[in-house]
Amino acid sequence: MNKTIAIFGSSRRNGNTGKFIDWIAHELNIDVIDLSEKKISPFDYEHENLNDDFIPLMKHLLNYENIIFVTPVYWFSTSVQLKIFIDRTSDFLDVDELKNMGRKLRGKTAYIVCTSISDEADSSFLGSLKKTFEYLGINYGGHVHANCVNGYNPTDYKDDIDKFIQLLKKSG
């Protein structure tokens with residue numbers, strides 16, 4: 001079994017971010033899960049949404065050591081799809097019967113694949129995700145970013161992709 005999987009959150013599967021992760025996924029021979037294809041409700045303090053796709057998806061993700069979080073940078077943050085997914089990890093902190101599953105996130109390694117219209121990934125965007133990983137006991141492995149201000153041109157990112165792929169391959 002492959003040790004790495006990607007979670008894709010964007011409103012356009014075939015947009016810049018989708019093309020970017022598809023290249024990486026092809027090189028690493030990994031699966032990409034599109035959050036838009038899942039029924040995941042926003043976090044609910046009453047936990048009345050526990051029968052949606054979130055818990056089965058998390059059970060699946062826990063089989064992997066490396067999880068790549070994939071999103072365009074929207075307003076210095078993640079996409080709505082990825083934000084809802086991350087917010088739902090709160091279920092593992094609040095619901096007694098889920099706490100043991102949540103603890104299995106500890107020691108996993110998270111990576112970030114992102115696109116924006118800037119030369120670099122925004123530091124507040126990266127910082128927010130890094131703090132989230134830290135809080136959950138997930139190690140941060142690194143990121144790769146594509147500036148798509150002029151659209152997606154794969155040749156612009158070849159060196160960055162090669163470094164990112166080598167980083168993931170070194171992890172196991």
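**Valine 73 and the cores around it**

Me: Where is valine 73 placed in this predicted model?
Reply: Valine 73 sits in the loop between β3 (66-72) and α3 (80-87). Helices here are DSSP runs of H or I with at least four residues, strands are runs of E with at least two, and both are numbered from the N terminus. Residue numbers start from 1 along each chain as its sequence is written. As this is a predicted model, local features need pLDDT of at least 70 and side-chain atom pairs count only at pLDDT 80 or more, while totals for chains, interfaces and linings use all residues; side-chain values use heavy atoms, with hydrogens and water left out.

Me: Why is valine 73 called buried?
Reply: Buried means under 20% relative accessible area, exposed over 50%, and partly exposed in between (1.4 Å probe, protein chains only). Valine 73 has a relative accessible area of 16%, so valine 73 is buried.

Me: What does valine 73 touch, not counting residues up to four places away in sequence?
Reply: Cys114, Thr115, Ser116 and Phe125. A contact means heavy atoms within 4.5 Å.

Me: Is asparagine 29 buried or exposed?
Reply: Exposed, because asparagine 29 has 65% relative accessibility. Its loop runs between α1 (16-28) and β2 (32-34). Phi of asparagine 29 is near 55°, again positive in a residue other than glycine.

Me: What makes a set of residues a nonpolar core?
Reply: The members are buried Ala, Val, Leu, Ile, Met, Phe, Trp, Tyr and Cys residues joined through side-chain atoms within 4.5 Å. The largest such core has 33 residues, and Ile7, Met58, Leu61, Phe69 and Phe85 touch the most other members. At least two residues of this core come from each of β1 (4-8), α2 (54-61), β3, α3, β4 (109-116) and α6 (123-136). A second, separate core of 21 residues includes Val113, Ala146, Tyr152 and Ile161. In soluble globular proteins, nonpolar side chains tend to be buried together.

Me: Which residues does isoleucine 7 touch, not counting those up to four places away in sequence?
Reply: Among them are Ile33, Leu35, Leu61, Phe69 and Phe85.

Me: How many helices and strands does the protein chain have?
Reply: Seven helices and five strands. From the N terminus, their order is β-α-β-α-β-α-α-α-β-α-β-α.

Me: Why is the protein chain called as compact as a globular protein of that length?
Reply: The radius of gyration is taken over C-alpha atoms, and the globule rule is 2.2 Å times the number of residues to the power 0.38. For 172 residues the rule gives 16 Å, and the radius of gyration of the protein chain is 16 Å, so the chain is as compact as a globular protein of that length. Of those 172 residues, 47% count as buried.
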